[in-house]
Amino acid sequence: MSRLSQLVHENRQNPNAIAYAAMLLFAIVFPPVAQFTTGGNGDFLVSLAADGGVFVLMAIGLNVVVGFAGLLDLGYAAFFAIGAYTYGILASNQLISSPLGHGVHIPFWIALFVAMFVAAGAGALLGFPTLRLRGDYLAIVTLGFGEIVPRFFRNLGTISGGVNGITALDAPSLPGWLNGPWVGQALAITNDFKFTSGNPTAYYVLMVMLLILSVILVNNLYQSRLGRAWMAVREDEVAAAAMGVNTTTIKLLAFGIGAATSGFAGSFYGAKLSIVSPENFGFIVSVTVLSMVVLGGMGNIPGAMLGAMVLYYILFKFLPDAPAQASSIFSSLGLDVIAKPQPNGWPGIGEEIARAKFVIFGLILVLIMLLRPQGLLPSRVREQELTHKATEEAVFDLGAAS
Amino acid sequence: MSGQSILSVRAVTKRFGGLTAVDQVSFDVERGKIFALIGPNGAGKTTLFNCVTGIYPPTEGGVIFEDRSIGGSKPHQVANLGIARTFQNIRLFDYMTALDNVRVGEHVRMRAKVWDALFKTAFERHEESEVQEQAMELLRFVGIERRAHEYARNLAYGQQRRLEIARALATRPSLLLLDEPAAGFTPQEKVSLMQLVGRIIDRGITVFLIEHDMKVVMGISQRIAVLDHGEKIAEGSPEDVRRNQRVIDAYLGKSA
């Protein structure tokens, strides 16, 4: 107990520790609160949160590539696609119609890691010839890769299911599961538990576990010699090499670890949705995840996570709900002139907002970046870079030096 | 000869397009001594450094370090073999702390693998604490331990030069290349820098430096080579070089 209170005391001033604690608390209370506030109809919200976790996971991975190692990757969704398709092919009846002749059904818990390694391999494969490029050139190559991969899967014929993708993916299963009032049921242990879309809480818990695991591992890397080498490469590649850092290997590792995280997210996504199709992995996904990282605070793990949560909420909850919300507000104020469609051509506030959805989204992004250019929860570095004043000390400071 | 010389530069030529920056330069750096390379601006001194440290491959000629040919090796390979360097225009990792800068230097000798880092194995934690201690020791050695937790870019100019030396020493080199370590220093700072170089030699590290300041060079070097327009025009003890007519004409002018 005293160790705990000491831990709390030491980290009272540490914004990252506070952010982690707050996020963990939020993750724990979210499902019951969602259920209680909606009178037991909160499954939709919990399911949405589990999907959001996919983006949080991807933001953690992309943060390694962009934030730590400083490599601009515009094709990050490619690894997400590779993870999802790997799971799809390894855990469905898809291969029945392929030359192999029968479906492969590898258990989720194994396929999850297979997908991770396949994605990491793809990252290494892409990285090997391209990581000698710098800055803008690397961005263009990854952009191309991000376009190629979904097209590749669309044209892979019977193996990937073409335009329709792969359907009826296996759901994860566990030998047992605990149900309780938090999902609106009596406290009971279910044997031979199978994840279903009817019980999104299970997926939610799984996602939270994956996130905790990823944060711990990525944070360990960040604090190791590898993390320092990534930052050194980001700061000055020539100097890093002169200090004996093999910059190619180090960048390759960042790429591979980012890709692995994305592959992890991809296989979860496939398992939960039970379908993968080439339409789900376009450029927009890469850009969204990149925005999450930048908006949250590049180079800071909890920052990237927070950015992902905020942006996901805006994109998938706030904006879809906004038209109905707005028209009901104006109706309740008695302003039907605004709320309802009018003969003069006004389509009603709800419709108007629905049409301007992405304008609003853009405005919100611009607003956040104006108010917090360094990100919602920035790393110390970004904070300094953007707020650095010309308060350098006296240039010649011998007294302190010798 | 090889027991005596730690580095030998053999007829190294470096051309950039039509420009010959370094032309058929040869010399030997003796183990345990201070060797200086001097010459007017644009003489090709830094280019030669870059050829030795693998930043440029030499167009012609070879570089032998500890009886091994290193011409054409990659910079990180050269660093692994035991050559460390500083840069003429300070190239620190600006947004890393002074301590972390030095710890990047320790990177070469660290053995923790990705696996160790991912799971913070006992080995990794032990190595990290060891490296932290050694890095602090190096910061103390160059006299900036009080600023260990500041970002490199927030350090004063003189401290940044010292931090670069500490970072280079962290790679545990047998040969240290200093590219104009006293540039921009006050006379007082130059004295303390010379003392620092002396203490580096005491650690058994050979020092090979480029310097403009004649007082620094003449005061500490055992041997000097002079470059002008990419060619070596003289080599010898400080006294020889000071009296050499070609050197006086090309570089020292009437002030010498």
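Helix H1 (residues 45–52) of chain B lies across E3, E6, strand E7 (175–179), strand E8 (206–210) and E9 of chain B, and its direction makes an angle of about 150 degrees with that of E7(B). Helices (H or I, at least four residues) and strands (E, at least two) are DSSP runs, numbered from the N terminus, and angles run from 0 to 180 degrees between N-to-C directions, with axes that are lines fitted to C-alpha atoms, for helices over the stretch in contact. This is a predicted model, in which local features need pLDDT of at least 70 and side-chain atom pairs count only at pLDDT 80 or more, while totals for chains, interfaces and linings use all residues. Residues are numbered from 1 along each chain as its sequence is written, and chains are lettered from A and ligands numbered from 1 in the order in which they are written.

**The six-stranded sheet of chain B**

The strands E6-E7-E8-E3-E9-E10 of chain B, in that order, form an open sheet of 6 strands with mixed pairing. Its edge strands are strand E6 (83–85) and strand E10 (231–236) of chain B, each of which pairs on one side only, where two strands pair if DSSP finds at least two bridges between them. On average, and with direction ignored, neighbouring strands of this sheet are turned by 20 degrees against each other.

| Strand pair | Sense | Bridges | Residues opposite each other |
|---|---|---|---|
| E3(B) and E9(B) | parallel | 4 bridges | B:Phe35 and B:Arg223 |
| E7(B) and E8(B) | parallel | 5 bridges | B:Leu178 and B:Leu209 |
| E1(B) and E4(B) | antiparallel | 5 bridges | B:Leu7 and B:Phe65 |

Strand E8(B) is mostly covered, since 5 of its 5 residues are buried; a residue is buried if 20 or more other C-beta atoms lie within 10 Å of its own, exposed if 12 or fewer, and partly exposed in between, with C-beta atoms placed from the backbone. In a regular strand the side chains alternate between the two faces of the sheet. Both faces of E8(B) are covered, with B:Thr206, B:Phe208 and B:Ile210 buried on one side and B:Val207 and B:Leu209 buried on the other. Together with E7(B) and helix H7 (residues 187–202) of chain B, E8(B) makes a right-handed β-α-β unit, right-handed meaning that, with the strands pointing away from the viewer, the path from the first strand over the helix to the second runs clockwise.

**The four-stranded sheet of chain B**

A further open sheet in chain B has 4 strands in the order E2-E1-E4-E5, with antiparallel pairing. Strand E2 (19–30) and strand E5 (68–69) of chain B stand at its edges with a single partner strand each, so one side of each is left without a neighbour in the sheet.

**Between the chains**

Where chain B meets chain A, 41 residues of chain B are in contact with 34 residues of chain A, two residues being in contact if their C-beta atoms, placed from the backbone, lie within 7 Å. On the side of chain B that touches chain A, helix H2 (75–81), helix H3 (98–106), helix H4 (114–119), helix H6 (157–170) and H7 of chain B each supply at least two residues. H6(B) gives the most to that side, with 5 residues.

B:Asn101 has its place in helix H3 of chain B and counts as buried, with 30 C-beta neighbours inside 10 Å. Leaving aside neighbours within four places in sequence, B:Asn101 is in contact with B:Leu92, B:Phe93, B:Met96, B:Ala152, B:Leu163 and B:Arg167. Although B:Asn101 and B:Tyr151 are 50 residues apart along the chain, their C-alpha atoms are separated by 9.1 Å.

**Chain A**

Chain A has 17 helices and 6 strands. The radius of gyration of chain A, taken over C-alpha atoms, is 24 Å, close to the 21 Å that the globule rule gives for 402 residues, so chain A is as compact as a globular protein of that length; the rule is 2.2 Å times the number of residues to the power 0.38. The C-alpha trace of chain A spans about 75 × 65 × 60 Å along its principal axes. Of the 402 residues in chain A, 43% are buried, and residues 24 or more positions apart account for 74% of its contacts with a separation of 6 or more.

Helix H5 (residues 108–130) of chain A has 23 residues and reaches 32 Å from its first C-alpha to its last, close to the 33 Å expected at 1.5 Å a residue, the expected span being 1.5 Å times one less than the number of residues. Among the buried residues of H5(A) are A:Phe108, A:Leu112, A:Met116 and A:Leu126. The buried residues of H5(A) pack against helix H4 (77–90), strand E1 (91–92), helix H6 (135–154) and helix H10 (247–273) of chain A.
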